[in-house]
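Here is a short note for someone opening this structure for the first time. Please read the points with the model in view.

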Amino acid sequence: PEGVAALRRRVAGGSAGDDPVDGGAGPDGERGEGVAPDAAVTEAAETDGEPAEGEAAGEGAGDVVDDAPAIRAITITSADEQYFPVLARTLGEPVTTASAGGREVVLTSHGETAPGTFGWDEGALPIVQLIAGEDRSVYAVSDEAATARTWGTERTIVTGVGAEESFPALESALAPLDSDDDDARVIASVSPTADLEAVKAALRAPAETGPALLLDALGIGAGFADFLDGAVSAEEMPGARLWEPATAGQVFRGVLEDAFDEAADLKMVELASDFDARWPALSRSISVVKAAAGGALIVAAARSTKAWRSAGALTGGVLLLDSLADVVLYEWLRRRRER
């Protein structure tokens, strides 16, 4: 079925306060490592410096605009701590976070690059981002839906010519478009302790109090609204931590760890883990026997002048590599069980 946001664009002409705003993409163009800056944040910062109506675009075009809106952002995510150095590398600058309500909150101050709402790893979803500039807006993305709301805006449903007679039927059909239920459910999905009714009330509240009410309804705490309003800095927030961009070596190591974790879910690896846990001495003995047999074949092939020499050396090499792989695998499985 057609999504709520799409219906709003068709029926209401696309209200800017109710339609999802596409964010950045990951550095590889897919939902994956890191998050690019959100288009909504960039557009909000740029449009303030455009020449007013009737003003010559060339006049003062090279001047620096000092009255740009001080945009701040709060991004709530389920990502673990290992994710944020990679996020900082993607954004090209350090990232400040704080823990609240069992979630990590990314704090973006004026002049910094806010992460987008798209491009995150699946484990980091859902994402809820509150942006404070000239307006107060909230964006939310889950693995199933996305939504965007701006406090202080109203929905207007415009019917076509001649629709007055059938308007009562249209009114009941279009009633879900004037409801906050879908938006509230997507936003509330970021927190297991969220109060859905309180989220709905926060979306209907004035722009001055809406963000604080929403943060409180999500279990994050209304105190984060002080940062959003610019009353406190990111460093002054309780439990704030600064994450430096990850180095190339750290990113590569993270990719390897992810690959090992995915491999650990394979049935063959699970069987090997169970075998090693039950009979550790037997698993090591088999590896030793294979290594000894491989070494013996290589030595015999080196001393022989017969036709099987090459095949023997190759078989011995394979046995040696296989035994080495067994040792590495069983050691990794042992450490993984201990964690």
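**Notes on the fold**

1. **Overall make-up.** The protein chain holds 12 helices and seven strands. Keep in mind that this is a predicted model. The chain has 339 residues, and buried residues make up 36% of them. Its accessible surface comes to about 19000 Å². Carbon and sulfur atoms account for 55% of that surface. Among contacts with a separation of 6 or more, 65% join residues 24 or more positions apart.

2. **The sheet.** In what order do the seven strands stand in the sheet? The order is E6-E5-E4-E1-E3-E2-E7. The sheet is open, and the pairing is antiparallel. Strand E6 (146-150) and strand E7 (241-243) stand at the edges. Each has a single partner strand, so one side of each is left without a neighbour in the sheet. From one strand to the next, the twist averages 20 degrees.

3. E7 pairs with strand E2 (residues 95-100). Three bridges join the two, in the antiparallel sense. One place to look is Val95: its bridge partner in E7 is Trp243.

4. Ala100 has Arg103 of E3 as its bridge partner. The two strands form a hairpin with two residues between them. Gly101 sits in that turn and has a positive phi of about 60 degrees.

5. **Helix H3 over the sheet.** Which strands does helix H3 (residues 83-91) lie across? They are strand E1 (72-77), E2, strand E3 (103-108) and E7. H3 runs at about 145 degrees to E2. The helix is mostly covered, with seven of its nine residues buried. Those buried residues are Tyr83, Phe84, Pro85, Val86, Leu87, Ala88 and Leu91. They pack against E1, E2, E3 and E7. Gly92 follows the helix, and its phi is positive, near 80 degrees.

6. **Helix H7 over the sheet.** Helix H7 (residues 210-217) is another helix to check against the strands. H7 lies across E1, strand E4 (127-132) and strand E5 (136-141). Its direction is at about 160 degrees to E4.

7. **The E6 edge.** E6 stands at an edge of the sheet. Yet four of its five residues are buried, so E6 is largely enclosed by the rest of the structure. E5 and E6 run antiparallel and are joined by five bridges. Within this pair, Val138 has Arg149 of E6 as its bridge partner. E5 and E6 form a hairpin, with four residues between them.

8. **Val141, a residue in E5.** Is Val141 buried or exposed? Its relative accessibility is 3%, so Val141 counts as buried. The residue belongs to strand E5. Leaving aside residues up to four places away in sequence, Val141 touches Thr117, Phe118, Leu125, Pro126, Ile127 and Ala146. Val128 lies 13 residues from Val141 along the chain, and their C-alpha atoms are separated by 6.6 Å.

9. **Leu174, a residue in H4.** Leu174 is part of helix H4 (residues 167-174). Why does Leu174 count as buried? Its relative accessibility is 17%, and the cut-off for buried is under 20%. The C-alpha atoms of Leu174 and Ile157 are separated by 8.5 Å, while the two residues are 17 apart along the chain.

10. **A nonpolar patch on the surface.** Which residues form the nonpolar patch? They are Trp279, Leu282 and Ile286. Together these residues have about 290 Å² of accessible area. Leu282 is found in helix H11 (residues 280-303). At 43% relative accessibility, Leu282 counts as partly exposed.

Technical notes. Residues are numbered from 1 along each chain as its sequence is written. This is a predicted model: local features need pLDDT of at least 70, side-chain atom pairs count only at pLDDT 80 or more; totals for chains, interfaces and linings use all residues. Side-chain values use heavy atoms; hydrogens and water are left out. Two strands pair if DSSP finds at least two bridges between them. Axes are lines fitted to C-alpha atoms, for helices over the stretch in contact, and angles run from 0 to 180 degrees between N-to-C directions. Contact means heavy atoms within 4.5 Å. Patches are made of residues with over 30% relative accessible area and no salt bridge: like charges are joined within 9 Å, nonpolar side chains (Val, Leu, Ile, Met, Phe, Trp, Tyr) within 5 Å. Accessible areas come from the Shrake-Rupley method with a 1.4 Å probe; for residues, only the protein chains shown count as cover. A salt bridge is a side-chain nitrogen of Lys or Arg within 4 Å of a carboxyl oxygen of Asp or Glu. Buried means under 20% relative accessible area, exposed over 50%, partly exposed in between (1.4 Å probe, protein chains only).
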